[in-house]
Amino acid sequence: MTSRPEYYTPQPYDPYAEDEPQGGWFNSEGYVPRRPQAHDAHEGYVPRQPQAYDAHEGYVPRQPQVYDVPEGYDYDPRTYPYQQLDDQPTFALRTVTQPAEPAEPGYHVPDTPEVGWDMAASRRRAWVSRAVLLFVLAVQAVLSLRLSNTAFQDEALYLAAGHAELQHLLHGTPLPVDYAAYFSGSPQLYPVLAAVIDGRFGLTGARLLSLAFMLGTTTLLYSFTRRLFNERAALAGAALFAVVQSTVVMGYFATYDAAAVFLLALATWIVVRTDRAPVGAVLLAAPVAVLAVGVKYAAGLYLPTIVVLALLTGWPHKGGRAFWRMLLLALGIGALLAAGMYATDLLAGVRQTTTDRDHGSDGAAFLLQRSAEWGGLMFLAAAGGAISYVRRSRMNESPLAQRLGNPGWRWRALLGLVLCGTALLAPAYQVHLGTVVSLFKHVGFGLLFAAPMAGVGVTRLIGAHFRYPQLGIMLWTATLCLGISQADWRFGVWPDSSRMIQVIDSHVNREGHYLASTPEVPVYYLREKTSQRQWQGAFAMEYTDKKGRHHSGDAGYRAAVRDGEYDLIVLDGLTNPRVDAVVADAVTGNPHYRLLADLPFRNSSGTGHYRIWTKAS
């Protein structure tokens with residue numbers, strides 16, 4: 001049966017058809033006699049003669065019927081015998097049924113396979129993604145390597161401490177000070193490793209070690225973001241993370257921050273990577289996370305995030321058993337932390353530099369402004385990505401992805417809240433402490449966890465099939481420009497100390513006593529001639545004069561300078577301007593000292609100068 005309509009058309013008369021009357025056909029007025037046919041009147045035609053059986057009583061010969069031929073419109077003398085009278089409409093009795101299906105065309109358009117939308121893993125996609133990742137890593141390396149300056153006081157402190165710890169471990173040399181009492185990380189971990197590299201390759205080698213850690217962090221970030229979402233989000237998140245100020249600076253900064261953030265990334269990667277493995281496999285992340293805390297105590301702020309991720313990443317595959325995964329990781333980390341605190345004397349350092357740290361005077365508005373400047377753009381991208389991910393979970397453009405089961409909106413909302421909320425931990429803690437010290441580095445720790453959601457935000461901003469690529473390019477370019485300018489400013493905060501070291505090199509030895517605004521720098525560069533015990537800094541002054549009277553603070557500096565306690569005084573006017581002014585006033589007119597050099601320098605804030613006094617007699 002077909003849905004096509006049936007058409008009714010009149011059919012020409014067939015004189016040879018046996019199923020029709022020989023004399024004509026039926027119309028609406030009844031029977032119409034057959035009209036003379038054209039083929040009847042041909043040459044040699046003989047009309048039918050009456051037969052003998054026709055001559056019976058009452059027989060009347062049939063007379064030919066005469067018709068009025070209407071000439072004019074639509075008249076055809078050849079077919080006129082078949083035409084009806086003008087005043088008698090004809091209704092056909094035959095039905096003509098159209099074919100049910102049209103004839104097959106000679107050419108068929110082949111079905112287009114969804115090659116570009118294929119969700120399955122492929123070697124081509126993997127190699128293209130890796131090539132883009134290598135380009136991102138190359139950009140990150142170039143941005144870090146273009147930075148240049150002499151050692152910052154933190155770099156000099158950790159490297160000098162590492163050399164002292166290394167000598168203590170290898171040869172039993174007594175430590176000049178108890179580094180564990182005031183370091184914000186274990187002096188036996190990163191400082192020793194960096195000292196080994198520094199002894200072989202110098203400060204550049206130690207900074208390249210940090211670059212290796214940060215490049216590894218970006219690679220791990222790409223890997224676990226790809227596991228959580230897809231390659232596009234992973235590349236976008238890694239590209240943003242690679243160009244922010246904290247990543248660029250920590251990539252060429254010989255402090256333990258790069259090592260700590262790398263270990264946090266490694267622990268997160270293990271948690272995400274073992275989401276389908278047996279529950280016990282998550283314990284592989286416990287020692288790595290504890291080691292990150294040992295390297296830098298502030299890394300402990302991010303351990304709850306890693307523990308919660310153990311639940312969230314395992315839930316889609318294990319359901320309720322993911323709670324055991326989270327509990328097992330929490331117990332493993334807690335047990336290792338307790339053992340480390342019990343077996344070492346690091347608890348004093350944790351209290352001194354982290355939990356019981358003195359509060360500063362920086363206001364909350366100032367700290368929030370700085371946090372927004374250094375990581376706000378990437379955080380906004382992460383927040384946008386989290387919101388869009390809650391609204392629509394589909395991460396693949398293939399139509400086949402619509403039939404796949406996706407995590408519920410509650411799971412997606414919790415994941416976005418955990419990752420984006422982690423980026424706020426460092427600013428909140430710094431506001432609690434009231435200090436901007438190390439804030440730019442700690443902002444980078446939080447951005448490591450917000451980066452996956454930032455990658456999702458960039459992909460949603462660009463749209464399916466790269467509909468608006470200019471928007472993603474604009475966002476990355478703005479982040480890049482901010483990162484470059486902020487990193488340049490950050491690396492120029494401290495003055496170039498090369499000329500100062502050259503001047504004082506010939507005035508120090510193993511017997512003198514010295515005062516400096518940043519004693520860590522000469523201790524590091526002149527470690528073959530002096531030790532840290534010989535140097536006094538611009539903080540926490542305690543002095544007992546020759547008469548046995550004890551002085552502290554500003555009074556201690558005045559008394560020590562008055563008595564000619566120091567063989568050399570080096571002030572830069574930056575580290576602690578107030579103390580520098582006190583010392584400069586005490587030196588002025590003091591017969592024990594003479595001005596050795598006044599060395600100008602330029603830094604990010606403008607210009608300054610080193611003032612160096614040596615003992616006159």
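**Charged pairs, helices and loops**

Tutor: Let us begin with Asp545, which counts as buried at 7% relative accessibility (buried means under 20% relative accessible area, exposed over 50%, and partly exposed in between, with a 1.4 Å probe and protein chains only). Please note that this is a predicted model, in which local features need pLDDT of at least 70 and side-chain atom pairs count only at pLDDT 80 or more, while totals for chains, interfaces and linings use all residues. Residues are numbered from 1 along each chain as its sequence is written, and side-chain values use heavy atoms, with hydrogens and water left out.

Student: Which residue forms a salt bridge with Asp545?

Tutor: The partner is Arg549, and the closest N and O atoms are 3.2 Å apart. A salt bridge here is a side-chain nitrogen of Lys or Arg within 4 Å of a carboxyl oxygen of Asp or Glu. Arg549 is partly exposed, with a relative accessible area of 46%, whereas Asp545 is buried.

Student: How many salt bridges does that rule give?

Tutor: The count comes to 13. One of them joins Arg370 to Glu373, with 3.2 Å between the closest N and O atoms.

Student: Where do Arg370 and Glu373 lie?

Tutor: Both belong to helix α11, residues 364-391, and they are three residues apart, about one turn of the helix. Helices (H or I, at least four residues) and strands (E, at least two) are DSSP runs, numbered from the N terminus. In general, an α-helix has 3.6 residues a turn, so residues three or four places apart point the same way. Arg370 is partly exposed at 24% relative accessible area, and Glu373 is partly exposed at 35%.

Student: Turning to helix packing, how do α18 and α19 cross?

Tutor: The axes of α18 (residues 553-562) and α19 (residues 577-587) come within 9 Å and cross at roughly 30°. Axes are lines fitted to C-alpha atoms, for helices over the stretch in contact, and angles run from 0 to 180 degrees between N-to-C directions. The two helices are therefore roughly parallel to each other (under 35 degrees counts as roughly parallel, over 145 as roughly antiparallel, 65 to 115 as roughly perpendicular and the rest as oblique).

Student: Which residues of α18 and α19 meet?

Tutor: From α18 there are Asp554, Tyr557, Arg558 and Val561, and they meet residues of α19 including Arg578, Val582 and Ala586. Contact means heavy atoms within 4.5 Å. The residues of this contact divide into seven nonpolar, no polar and three charged. Ala, Val, Leu, Ile, Met, Phe, Trp, Tyr, Cys and Pro count as nonpolar, Asp, Glu, Lys and Arg as charged, and the others, Gly among them, as polar.

Student: What covers the buried residues of α19?

Tutor: The cover includes β3 (514-516), α18, β7 (568-571), β8 (593-603) and β9 (606-615). Among the buried residues of α19 are Val579, Asp580 and Val583. Just after α19, Gly589 takes a positive phi of about 75°.

Student: Which residues other than glycine have a positive phi?

Tutor: Ser438 has a phi of about 65°, and Ala540 has one near 55°. In general, most residues other than glycine have a negative phi. Ser438 is found in the loop between α13 (425-433) and α14 (439-462), and Ala540 in the loop between β4 (535-536) and β5 (542-544).

Student: Are Ser438 and Ala540 buried or exposed?

Tutor: Ser438 counts as buried at 18% relative accessibility, while Ala540 is exposed at 72%.

Student: One last topic: what does Asp257 touch?

Tutor: Not counting residues up to four places away in sequence, Asp257 touches Met250, Lys296, Lys441 and Phe445. Asp257 lies in helix α6, residues 257-273, and is buried, with a relative accessible area of 0%.
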